[in-house]
Amino acid sequence: MKIVVDYDLCESNAICMEVAPDVFEVRDDDFLYLLTENPSEDQSESVLIAAERCPKQAIQVITE
Amino acid sequence: MSNRLSSVVVVGASLAGLQAAQTLRRSGFDGDLTLVGSEPHYPYDRPPLSKRFLAGTWDEAKLRLRGAVDPDEFQFNWKLGHKATGLDLEQRQVILGDDGQETLSYDGLVIATGARPRTIDGCELTGVHVLRTLDHARALRSDLEGQSRRVCVIGAGFIGAEVAATARELGHEVTMIEAAQSPLARVLDHETGMAIADLHRDHGVDVRLGVGVAKIEGGVAGGQDGDDNGGDTAQSGGVERVVLSDGSAIESDVVVVGIGVVPSTEWLARSGLTLDNGVVCDDTCMAAPGVVAAGDVARWPNSRFEGKLMRVEQWDNAVEQGGYVGGRLLAWSRDDAVEPYAPTPWFWSDQYDRKIQLAGFPSARAEVVHGSIPERRFVQLYAGERGELIGAMAWNRPRHAIKAKQLIARGANMSEAREELS
């Protein structure tokens, strides 16, 4: 699984950070940082939920 | 014991309904799954309708919800452009169309028919708009294209405020009228409501507070909204002015009525379901055996907030509740116990360059713990009666808003919240 964030769409609503804090982090500068682009099996469920919950639909999850 | 679940009908093909359907599929439900939508469009995202789509920077293709980008992906039966007109709980059938000839049988039913905008007299005039659907947005967008118009926005709720901001940014002359003493009085305290008024005034909007609308005046009602009038609407028999309760009048080419929504439950009137400002459900969003509701139409007791009956008109809730009810139906089919649906509401609104977020609920016990209201970058906390954190508002502080949401969810007290969010 690979995560791609469309930073043109992302408005740092930080919902992803709520759902998957070990993958997504909105820092003090109000920008989103990906802590990993290739989440583990354990993280995949929360990453999918984060992608769904993103109000801007800025997170794309690519599964092989 | 278990309940048969070989077919599910989802009435309402927007955010909550689509999410419910996707969740069912993702959880292994492989039976018949039908989505009924009254609009002819595949599910699309509504928040951009008052912002980027209205501004003309986004086209329609960008609006499509991800779960519907490939309509065949989840093997849904799409019934778009079909209106549900009745429900027979006994026979487990949804009735479609005004003649009631077509029916859909279900084992499980998801009610996600959302809400429709409130209207007032004058809404039938050319140039007067409401904004909820893609068709509404197309019509309004076409009226805001080209030359500068005099735009009057009735209601300073989120839709009104966002439309006012977009129209201003497009270069129109904008007046925003609000009957309450401050904008968003239903959800915000007076001070932050006034900060919204100031934000709009600084951008050149004429904000009129504490004054109602007596009537919308215009010529002979013209064609349908969305027609290309090809010129000044006032001359083509459309809207001319909005007359206020203090007797003053605002000459207008375009009027947008944003005075809230009514849950779409008319089709359930004779169903036997409990209807009271929405479909009343138990704390697991179940309205009857095998019948669940989600999104703007659902009203349920939220155990996180002392079992208060809630109906939440928010994007995030539609996603979360839609997903929840999908799982709820599967649990029902297996007779499994489920945790109640007890979310902490959260929403955002983008106006000009400000991102406004509210988690939980405001109260009179408000306290700014970060930044300041005049600089329009702040975090304000709201305390409950026992000193617990029940709400937080953040302007251009999204990280804080989400942290506050988590603190509310775990029942943090104010001193803990102050420490974490200052």
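## Nonpolar cores

In this predicted model, the largest nonpolar core has 138 residues. Which residues have the most contacts inside this core? They are A:Phe24, B:Val8, B:Val94, B:Leu109, B:Val110, B:Ile111 and B:Leu381. Helix α6 of chain B, residues 315–334, gives the most to this core, with 8 residues.

Take B:Leu109 as an example. Leaving aside residues up to four places away in sequence, B:Leu109 touches B:Val9, B:Val11, B:Leu87 and B:Val94, among others. Its contacts also include B:Gly290, B:Val291, B:Val292 and B:Leu329. A second, separate core has 15 residues. Among them are B:Ile154, B:Val211, B:Val239 and B:Val242.

## A helix and its cover

Helix α3 of chain B spans residues 134–143. Which of its residues are buried? They are B:Leu134, B:Ala137, B:Ala139, B:Leu140, B:Arg141 and B:Asp143.

## A strand with two faces

Strand β3 of chain B covers residues 77–80, and its side chains alternate. B:Trp78 and B:Leu80 point to one face and are buried.

What is the partner of β3(B) in the parallel sense? Strand β2 of chain B, residues 32–37, pairs with β3(B) over 4 bridges. In this pairing, B:Gly37 stands opposite B:Leu80.

## An open sheet in chain B

Now to a sheet of 5 strands in chain B. The sheet is open, and its pairing is antiparallel. The strand order is β23-β24-β27-β26-β25. Strands β23 (346–351) and β25 (366–372) stand at the edges. Each edge strand has a single partner, so one side of each is left without a neighbour in the sheet. From one strand to the next, the twist averages 15°.

Strand β23(B) is joined to β24(B), residues 354–360, by 6 bridges. The two strands run antiparallel. Here B:Trp346 stands opposite B:Ala359 in β24(B). A helix also packs on the sheet: α8 of chain B, residues 414–421. Helix α8 touches β25, β26 (377–383) and β27 (389–395) of chain B. The direction of α8 makes about 170° with that of β26(B).

## Salt bridges

Side chains of opposite charge can pair when their charged atoms come close. How many salt bridges does the structure hold over all chains? There are 39.

One of these joins A:Glu11 and A:Lys56, with the closest N and O atoms 3.1 Å apart. This pair links distant parts of the chain, 45 residues apart. A:Glu11 lies in the loop between β1 (2–5) and α1 (15–19) of chain A. A:Lys56 lies in the loop between α2 (41–53) and β4 (59–62) of chain A. A:Glu11 is partly exposed, with a relative accessible area of 24%. A:Lys56 counts as buried, at 13%.

A:Lys56 also forms a salt bridge with B:Asp350, and here the closest N and O atoms are 3.2 Å apart. This pair crosses between chains, from strand β23 of chain B to the loop between α2 and β4 of chain A. B:Asp350 counts as buried, at 14% relative accessibility. Shared partners join A:Glu11, A:Lys56, B:Arg52, B:Asp350 and B:Lys355 into one network.

Another salt bridge joins the side chains of A:Glu25 and A:Arg27, at 2.6 Å from N to O. Are these two residues buried or partly exposed? A:Glu25 counts as partly exposed, at 28%. A:Arg27 counts as partly exposed too, at 33%.

A disulfide is a covalent bond between the sulfur atoms of two cysteines.

Two cysteines show why. The closest cysteine sulfur to that of A:Cys54 is in A:Cys16, 6.6 Å away, which is too far for a bond. For B:Cys281, the closest cysteine sulfur is in B:Cys285, 5.8 Å away, and that is also too far. The cut-off is 2.5 Å between the sulfur atoms. A:Cys54 is buried, with a relative accessible area of 10%. B:Cys281 counts as buried as well, at 7%.

Definitions and conventions:
Residues numbered from 1 in each chain as written. Chains lettered and ligands numbered in written order. Predicted model: local features only at pLDDT ≥ 70, side-chain atom pairs only at ≥ 80, totals over all residues. Heavy atoms only, no water. Pairing = 2+ DSSP bridges. Axes fitted to C-alpha atoms, helices over the stretch in contact; angles between N-to-C directions. Contact = heavy atoms within 4.5 Å. Salt bridge = Lys/Arg side-chain N within 4 Å of Asp/Glu carboxyl O. Buried < 20%, exposed > 50% of the residue type's maximum accessible area, 1.4 Å probe, protein only. Core = buried A, V, L, I, M, F, W, Y, C linked by side-chain atoms within 4.5 Å.
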